Amino acid sequence: MYIEKAKTIVIKIGSSNIVDKRGKLKEKWLNSLAKDLKNLANKKNIVIVSSGAIALGLSYLKINKKKIKLEMSQAIASIGQIHLAEEFQKIFEKNNFRVGQILISPDDTEQRKRALNVRGTFDNLFKLKAIPIVNENDTTATSEIKYGDNDRLAARVAQIIGADTLIILSDVNGLYDKSKNIVKTVNRLDEKIYSLVENSKNSYGSGGILTKLDAAKICMNSGCHMFLANGSKE
């Protein structure tokens, strides 16, 4: 219902969805996503926030992630970002989509004037019938001014552009309660909800359930619905 009514939808793709354990892009999965979006894109504005640039850069350069400092990860991100953008363009154009790339830093969302400029860019991409592919500008951000994860970045993007819905595709099925049942609806983020969190993360991802709750908080404060789903399921 929320997706059907939404005019603007932000879809966040986790590293585990788009990059396999060898650090290679999951072309079949990305092509499947593009096909799924065909039914939505003619009626709605779609934005994709994609992780995976650093993972692709690591694989391309054959580097072990554990050995990297921030300065080197920025250089690796710049290499991986080219590969990521190229794959999106290739696969989405095959499915008759135009795409544009937007790299965002926290200053772009926290400073009002810059946030308005960012929104203007999104609005014009929508007019051009193009899907913005968004990532954090890892190449210039320092540890003090990084989002650190694309869950919060996606929520900020949703907030800035006035999106109705944020869909976070991850490698988990959802938020689990203490009996290991999925919590289907959360209307309020309180201590009871945060007590359910086990902040685990996969080998490539920088977030965990905690960052997804932080993203949900941003969405709730801006009147945006958020869904958490396993990206490996149809």
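The lining of the second largest pocket is made up of 15 nonpolar, six polar and two charged residues. Keep in mind that you're looking at a predicted model. Its mean pLDDT is 87 for the protein chain, with 91% of the residues at 70 or more.

**How confident is the prediction?**

- Among the elements of the chain, strand β1 (residues 8–13) has the highest mean pLDDT, at 97, while helix α6 (residues 106–110) has the lowest, at 78.
- Watch out for residues 200–206, where the pLDDT is below 50. Beyond near neighbours in sequence, that stretch still has 20 contacts in the model.

- Helix α10 gives the most to the lining, with six residues. Strand β6 (225–230), like α10, supplies at least two.

**Lys 212, a residue of α10**

- You'll find Lys 212 in helix α10, which covers residues 209–221.
- Is Lys 212 buried or exposed? Its relative accessibility is 6%, so Lys 212 counts as buried, the cut-off being under 20%.
- Leaving aside neighbours within four places in sequence, Lys 212 is in contact with Asp 151, Ile 168, Ser 170, Met 226 and Leu 228.

**Aromatic rings**

- The structure has four aromatic pairs.
- One of them is Tyr 2 with Phe 227: the ring centres are 6.1 Å apart and the planes sit at 55 degrees, so this pair is tilted.
- That pair ties together distant parts of the chain, since Tyr 2 is in helix α1 (residues 2–5) and Phe 227 is in strand β6, 225 residues apart.
- Phe 88, Phe 92 and Phe 97 are linked into a cluster by ring pairs.

**Gly 120, also in α7**

- Gly 120 is part of helix α7 (residues 112–127), and at 24% relative accessibility Gly 120 counts as partly exposed.
- Gly 120 and Ala 75 are 45 residues apart along the chain, and their C-alpha atoms are separated by 29 Å.

Technical notes: Residues are numbered from 1 along each chain as its sequence is written. This is a predicted model: local features need pLDDT of at least 70, side-chain atom pairs count only at pLDDT 80 or more; totals for chains, interfaces and linings use all residues. Side-chain values use heavy atoms; hydrogens and water are left out. Helices (H or I, at least four residues) and strands (E, at least two) are DSSP runs, numbered from the N terminus. Buried means under 20% relative accessible area, exposed over 50%, partly exposed in between (1.4 Å probe, protein chains only). Contact means heavy atoms within 4.5 Å. Ala, Val, Leu, Ile, Met, Phe, Trp, Tyr, Cys and Pro count as nonpolar, Asp, Glu, Lys and Arg as charged, and the others, Gly among them, as polar. pLDDT is the predictor's confidence in each residue, from 0 to 100. Rings of Phe, Tyr and Trp (its six-membered ring) pair if their centres lie within 6.5 Å; planes under 30 degrees apart count as stacked, over 60 as edge-to-face and the rest as tilted.
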